[in-house]
Amino acid sequence: MVRQELQKLAVYAFFLAILLIPMLGFRSASFEPDRALKIWGVFVGILILNFIVKAVRGGRAAVEAHKEPWTERTRERISRIPRLYTIGGLALLAAVYPLMANNYMIDVGITCLIYVSLGLGLNIVVGLCGLLDLGYIAFYAVGAYTYSLLNLTFGVSFWAALPMGVVLGMVCGCIIGYPTLKMRGDYLAIVTLGFGEIVRLVLNNWDSLTAGPNGLFGMKRPTLYYPSFADGGFSWVAYYLKSLPALYYLILIIVVLTIVGVRRLDNSRIGRAWIAIREDETAAELSGVPTTWNKLLAYALGAAFASVAGAFFAAKLSYTNPNFFLFMESCIVLCIVVLGGVGSIPGIVVAGFVLIAVPEIFRGLENYRMLAFGAIMTIMMVVKPEGLIPASRRKRELHATDPHPHEESDGRDR
Amino acid sequence: MAVTAKSILELTDVHTYYDNIHALKGISLSIPEGDIACLIGANGAGKSTTLLTISGVQPAEKGEIRFRGEPIQHLRPEQVAGKGVAQTPEGRQIFPRMTTFENLEMGAFLRKDKAAVAEDLEWVFSLFPVLKERAGQLGGTLSGGEQQMLAIGRSLMSRPALLLLDEPSLGLAPKLVERIFKTLLEINQKGTTIFLVEQNAHMALNISRTGYVMETGRIVLTDRASALLENEQVKKAYLGE
Amino acid sequence: MDLTALLLQQMVNAIFLGSIYALIALGYTMVYGIIELINFAHGELFTAGAFIGVIVLSALQQAGWVESHFVLTLIIVFGLAMAYVAVLGVAVEHVAYKPLRNSSRLSALLSALGMSIFLSNGMMLSQGVSDRAYPQVFGLQAIEILGARITKGQIFIILLAIALMVALQLFVHRTRLGKAMRATAQNRTMARMLGIDIDQTIRITFMIGPALGAAAGVMVGLFYGAVRFDMGFIFMIKAFAAAILGGIGSIPGAMLGGLIIGVIEVGWAAFLPSAWKDVTTFTVLILVLYLKPSGLLGESVSEVRV
């Protein structure tokens with residue numbers, strides 16, 4: 001059995017080499033394979049590690065059949081630490097972070113938090129409802145442009161534009177969601193991808209409204225109002241959240257609210273309906289779950305969270321242009337969801353920070369960022385489809401549906 | 001039961017799981033070379049699973065399957081087919097967008113002896129003349145009976161030593177069923193061992209020499225087919241008498 | 001230019017573009033037919049073909065082969081690009097799809113998407129972010145038919161595309177392996193019970209489809225004069241639209257769909273603001289998926305599907 005697995009591993013490593021070495025080894029027409037070999041080494045290392053972990057687990061399972069593997073035990077140990085302390089500690093860390101960090105680090109923190117909130121929103125659609133959305137970034141764009149246009153044309157404030165952006169985002173979510181209701185997973189992926197591109201192209205081409213590729217700038221920052229009793233009278237004074245720490249706290253609050261919202265949704269009747277749809281749509285429908293309504297709701301809510309993040313993004317930069325909303329951005333968000341563990345909130349938070357902050361910290365790796373994202377997605381699906389911090393419910397679904405390696409799941413007859 | 005002839009297929013304590021369902025709970029049986037054997041039982045007893053396990057489609061978790069003395073339980077379906085085991089599965093599984101002729105050709109996929117294949121094709125056409133008329137027609141457009149004949153014909157095209165047949169009578173008019181069973185006898189006379197799974201117990205036992213009765217994943221009764229036809233229990237449960 | 005000439009000119013352009021889309025679409029359709037998975041990495045394989053083409057062609061041009069052995073040069077360029085991408089296709093299948101054959105559809109899709117991102121960025125790293133110029137080997141010499149100008153390059157590309165499609169059709173219908181492919185696509189379990197090695201069949205599909213895509217990549221490079229690491233994306237969506245429009249899984253469908261998308265695109269660019277032509281293609285894709293997901297040739301029970 002071990003021998004067979006090793007053989008499989010060797011073949012896999014061989015094909016990986018075929019894939020990697022020419023793809024990365026050629027510099028235009030000259031051949032410099034060392035870089036490719038390094039990356040290949042990393043991949044094979046991961047695979048071997050995975051193999052060893054599996055073998056050790058398997059071996060141990062054979063010896064002491066009812067003892068849990070070490071990860072389970074660690075997780076159990078972690079879960080024994082009162083959750084309040086863990087969450088409290090993290091909250092404290094997040095709260096004091098701007099006091100310890102320089103502006104650059106705070107800026108990175110803000111970017112991470114934006115992506116975390118996007119990841120959490122996409123998690124509703126992909127993780128909970130099981131609909132693969134490749135155009136998610138379009139809703140982010142909707143939020144950003146809604147605020148930008150409202151602010152620039154009518155002088156609407158951030159807080160007033162936010163609900164409008166959310167509503168518009170939800171409407172767009174439904175527009176995209178509606179035609180895709182009856183579609184199968186892979187068609188859905190393509191359609192959402194198409195929608196995402198349409199939104200970007202419209203933003204790019206509709207010069208008179210969106211200023212095309214030049215983008216919009218000069219939007220006001222979000223404001224806070226505080227009462228003032230100066231001159232004996234009472235009035236509200238606007239305070240613009242211009243400093244990075246202030247913006248950091250704002251997005252932190254948005255993320256915390258998003259986490260609370262998504263958690264409550266997950267554990268609600270709606271959340272269970274989504275999971276039922278994800279597991280088996282026909283069965284869900286037959287058991288009386290209104291699938292149409294619930295899928296639309298997933299799209300709409302996912303879009304709403306992205307829209308909020310988008311509005312914040314535009315307000316923070318005071319600038320936006322269509323090239324912020326490329327397909328690659330959708331892929332990054334999707335990668336966060338996948339790496340973290342589809343459906344797992346703590347996983348997405350961790351993955352958001354890892355995937356966004358690590359390439360920022362190691363600047364030299366920036367060029368390799370998307371390469372790594374792609375590789376992570378594939379390797380994760382092959383090695384550990386449930387993600388780094390799996391959502392318990394999700395674990396079973398993503399692994400092979402049956403234990404027999406030769407079995408084909410279908411007796412297709414079309 | 002006295003096994004006199006050398007057995008072509010032998011199952012020993014075979015267990016199969018469908019996901020978490022324990023579908024076969026220790027099947028043991030032995031089919032002598034040149035015989036017609038049948039497996040009868042109610043819906044969901046595990047008859048089809050038995051055949052799929054033999055073919056390697058639903059691999060056995062435990063136990064041993066020997067074909068001509070050689071263990072085959074670890075082989076993949078295409079390898080089992082290569083050994084000389086053909087299956088006509090439930091629901092016929094015709095390739096709908098290939099012609100009748102191409103379907104038959106696929107049956108001989110593993111064979112290299114072109115002349116013998118042509119001979120077998122003529123033989124199949126002589127067994128089922130209607131297939132010759134329909135040779136250019138797409139499999140998906142044939143009637144149920146024609147599809148069943150095509151499915152059997154396709155299996156024969158591999159010139160199998162052992163033919164596994166799952167419910168050949170399903171959904172067919174009684175007259176057609178009779179014809180198909182008659183043909184099965186003819187096929188058997190040419191030296192092909194047949195293992196038949198049937199709901200139509202009466203028909204099946206009539207042409208078989210050995211019969212097995214299956215209930216919820218186990219074989220509960222094994223005897224000569226003629227004896228099973230007289231068995232009170234079998235009569236009551238499966239023959240509707 | 002009078003109207004007939006204009007129409008004829010646009011028709012030639014449409015056929016040209018359509019046959020390229022069709023070649024790419026065939027890769028999607030074949031893979032989808034056999035494992036029911038969208039090969040997201042197909043656009044990148046197409047681009048890889050274009051890059052191999054430019055590398056080989058540049059080298060041969062420097063060696064002076066374009067002048068001395070023109071036909072042989074073309075054969076080598078297309079042959080190497082197709083062969084390399086065929087190997088790459090098998091590698092992609094083995095690394096990203098095979099381990100997930102029994103997993104959920106979502107895992108397989110994500111894995112495919114990861115492969116696509118990986119390949120596109122790998123090409124960016126190795127070939128650079130800017131356009132790579134393709135040596136112009138056909139020259140600008142054109143033939144005039146009823147006032148429409150058709151270049152030699154266009155004629156060659158259209159003829160080659162047609163030849164490849166005919167060859168594919170013959171392969172699928174006349175050869176043992178081609179028939180095994182169709183059988184596998186139609187009923188995998190039964191195909192296995194007849195002795196067909198599924199792994200091998202899938203591998204072959206992952207050689208032929210990407211090889212056709214690579215040929216299209218070289219054609220695009222030859223015609224437009226440049227390649228870029230991310231050009232696969234837009235071609236992927238259009239070719240996918242073509243595959244869906246024709247009915248995914250159907251080889252003639254992919255050809256028909258490619259032609260229709262080509263006509264739509266050329267027609268739009270000729271008479272309407274061309275900045276919006278991609279929006280139109282995406283809209284067509286979405287409308288087809290919504291209104292007739294089985295495509296034009298998808299449902300009919302005639303000899304049309306793989």
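Among contacts in chain A between residues at least 6 apart in sequence, what percentage join residues at least 24 apart? The figure is 71%, where contact means heavy atoms within 4.5 Å. This is a predicted model, in which local features need pLDDT of at least 70 and side-chain atom pairs count only at pLDDT 80 or more, while totals for chains, interfaces and linings use all residues. Residues are numbered from 1 along each chain as its sequence is written, chains are lettered from A and ligands numbered from 1 in the order in which they are written, and side-chain values use heavy atoms, with hydrogens and water left out.

**Chain A as a whole**

- Chain A contains 17 helices and six strands; helices (H or I, at least four residues) and strands (E, at least two) are DSSP runs, numbered from the N terminus.
- Of its 414 residues, 50% count as buried, meaning under 20% relative accessible area, with exposed being over 50% and partly exposed in between (1.4 Å probe, protein chains only).
- The accessible surface of chain A is about 19,700 Å², and 67% of that belongs to carbon and sulfur atoms; such areas come from the Shrake-Rupley method with a 1.4 Å probe, and for residues only the protein chains shown count as cover.

- The size of an interface is often given as the accessible area lost when the parts come together.
- Chain A and chain C bury about 6,100 Å² between them, with 69% of it on carbon and sulfur atoms; this is the accessible area (1.4 Å probe) that the two parts lose on being put together, summed over both.
- Chain A gives 69 residues to the contact and chain C gives 68 residues.

**The six-stranded sheet of chain B**

- Follow the order β6-β7-β8-β3-β9-β10 in chain B and you trace an open sheet of six strands with mixed pairing; two strands pair if DSSP finds at least two bridges between them.
- Its edge strands are β6 (85-88) and β10 (218-224) of chain B, each pairing on one side only.
- From one strand to the next, the twist averages 15°; axes are lines fitted to C-alpha atoms, for helices over the stretch in contact, and angles run from 0 to 180 degrees between N-to-C directions.
- Strands β3 (residues 36-41) and β8 (residues 193-198) of chain B pair in the parallel sense over five bridges, and B:Ile40 stands opposite B:Glu198 in β8(B).
- Helix α6 (residues 144-156) of chain B packs on this sheet, touching β6 and β7 of chain B, and its direction makes about 175° with that of β6(B).

**The four-stranded sheet of chain B**

- Here the order is β2-β1-β4-β5 in chain B, an open sheet with antiparallel pairing.
- β2 (21-32) and β5 (70-71) of chain B each have a single partner strand, so one side of each is left without a neighbour in the sheet.
- Strand β1 (residues 7-18) of chain B runs antiparallel to strand β4 (residues 62-67) of chain B, and five bridges join them; B:Leu11 stands opposite B:Ile65 in β4(B).
- Helix α1(B) packs on this sheet, touching β1, β2 and β4 of chain B, with its direction at about 110° to that of β1(B).

**Two residues with positive phi**

- A:Ala211 has a phi near 65° and lies in the loop between α9 (207-210) and β3 (216-217) of chain A.
- B:Glu167 has a positive phi of about 50° although it is not a glycine; at 5% relative accessibility, B:Glu167 counts as buried.
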